[in-house]
Amino acid sequence: MQFHHHGYVSTDPRLLPASEIGENWSEELPDEMDVLIVGAGPTGMIAAAQLARYGTVHTRLIERRAERLEFGHADGVQARSMEAFQAFGFANQLSDEAYHITEMSVWKPDPKKPENIIRTALTPDDPMEISEFPHVTISQSRILDFFAESMAFSPTRMQPNYGVEFLALENTGEGDHPVVVKIRHTTGPRAGEERTIRTRYVLGTDGARSSVRTAIGRKLEGRQANHAWGVMDVLVRTDFPDIRLRSVIQSDSGGSILVIPREGGHLVRLYVDMGEVLPEQSREIRKTPLEEIITKANDILHPYTLEVANVVWNSIYEVGHRITDSFDDAPADGAGNPRVFIAGDACHTHSAKAAQGMNVSMADGFNLGWKLGHVLTGRSPESLLQTYSQERRIVAENLIAFDREWSSLLAKRPEDFEDAGEVEQFVLKNAEFPAGFMTCYAPSMITGEDTHQQLAAGFPVGKRFKSARVARVCDGNPLHIGHQAKADGKWRLYIFADAPTVGEPSEFNNLATWFSESPESPTQLYTPAGEDLDAYFELNVIFQQPHTGINIPDVPTAFRPEVGPYKVRDLERAYGVLPDEDIFDMRHIDRQGAIVVVRPDQYVAHVLPLHATHELTEFFARHMNQAQAPREAPLNRESLRV
């Protein structure tokens, strides 16, 4: 974490300097704003937390509830979400509080005594070690708390407006704030009061019964699976040995249980199979008494018993797989840019048993948040916003296909399996998907072709940037290079150098000079005058030798930018390899070097050779606006030293 470059900081360094919006923040909703987010669930909160980092963007988040969420229904946090939390600065704190899922046990009928269940498999949760981050469970309410703190610490000092309900909207197409929104206060002395506000953009993250979705004429299309599950968060007294393990239990009766341990060492979530449900039985099954669900659970667990000592929350739900045809209000012919967006359950629904809903929904919010920030700060044209629905709808389609297969597998009777190890094989085969790492964005204005993929095979274009450890040159600290990225809206370029010795003639040194001096380089072309050179782009270099062989003053100044009002140099952008963990080998980087371009949401946007400056300029020209007051060639302060 870097601070002090704007002056000495003696308080919490996560508290960023307030912008004008933050200094004048009021709990009262203004008449106009840049973005209105409807719904303070995980999707809305991550989008709000991202937008809060843009100090000049006025974002408001309204929630019908009177106060913060106390009982969250989602609890599974996949490794990809933990990577995002790291960018927002709270992954470690959340990890310390959460339950870590490291193994999964599978229980099936005992062949010798089918009325009993026995453990048939114990598999690692991440057998391929696809992430250094853990798979955890924690209350959704705590995740919202962490995002709320991130928002409050951001330049705009943002906070949710509770007790405000969305009623309707109209895109008038008029003025700078064309979307007129009707709202109503739901609590307090103003309960029942209605008013209208105007905004540039609206994001609906208001759940499966989304009013924003209805307002723009989108509909969830799909079908029910006609299979019901009882779910409960409980404290139990039981002799079942794997109550603190993620467990899949299938009984001879055909019933199944999914056991999900929760944080705190005692709480557990149980998904109990309630069987097939005919369409006409749908209303009645939702009235099933809790006692009946507990009885069903004990039948499945035999010969073990389970006594529920305390119920935190419980519900009945039916598996449904639905998706909208688009995630925004843009015309189908692509003739206009969107003004209203929907995300999360508002545009895709599925079962909860794969721990995907909250994770994929938060990825929706992260994807859109930085794009709105770029458009509203003038960095990018409005056409950038078209990529949100284009990218995220495909992800939702893939999720629904995965969840349909997983849900069907859990609902099978033991005798219907062709292979006794089918559940375990499915988990192993598809481990990367639920962890969140199968998302691969197609070529677009913000994602390039994979023409030069062979230069960095371990960083597939369109997929998330998979971190690896390196050693920082300035202080020798070994660290994960991906963990240094923040949710600050910056594009990041990782330059893997070709030169075995810093300062030797090489393609890398030519590239470094181009970044510093050419008016065509992105740092010169798009960074406004008066801003730090790393305001929009962060340049990092990874050398092929250990840090001990590199003298920090020899590192080109493009990778040691001057920052803050005192123009101190940032020395933390140059890295060497670790002897036993050479990132060039681990990520299959060509020794001739490579440029790896990473989007603000941590996805690889391009891989290019070191000499491809023209291609790099063309890539950023697709989606960035030139600065109105371009930078002049920087003064080389080192040349002035006596």
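Predicted model: local features only at pLDDT ≥ 70, side-chain atom pairs only at ≥ 80, totals over all residues.
Residues are numbered from 1 along each chain as its sequence is written, local features need pLDDT of at least 70, side-chain atom pairs count only at pLDDT 80 or more, totals for chains, interfaces and linings use all residues, and side-chain values use heavy atoms, with hydrogens and water left out.

Ala-457 counts as partly exposed because its relative accessibility is 40%, the class between buried (under 20%) and exposed (over 50%; 1.4 Å probe, protein chains only). Leaving aside residues up to four places away in sequence, Ala-457 touches Arg-587 and His-588, a contact being heavy atoms within 4.5 Å.

By an automatic or database domain assignment, the protein chain is divided into domain 1 (20-88 + 139-222 + 322-411), domain 2 (107-134 + 227-317) and domain 3 (453-622). The C-alpha centres of domain 2 and domain 3 are 48 Å apart, and their contact takes five residues from each of these two domains. Between them, domain 2 and domain 3 bury about 320 Å², of which 43% is on carbon and sulfur atoms; buried area is the accessible area (1.4 Å probe) that two parts lose on being put together, summed over both. Of the area that domain 2 buries against domain 3, Ile-130, Glu-132 and Phe-133 supply 89%, more than any other three residues.
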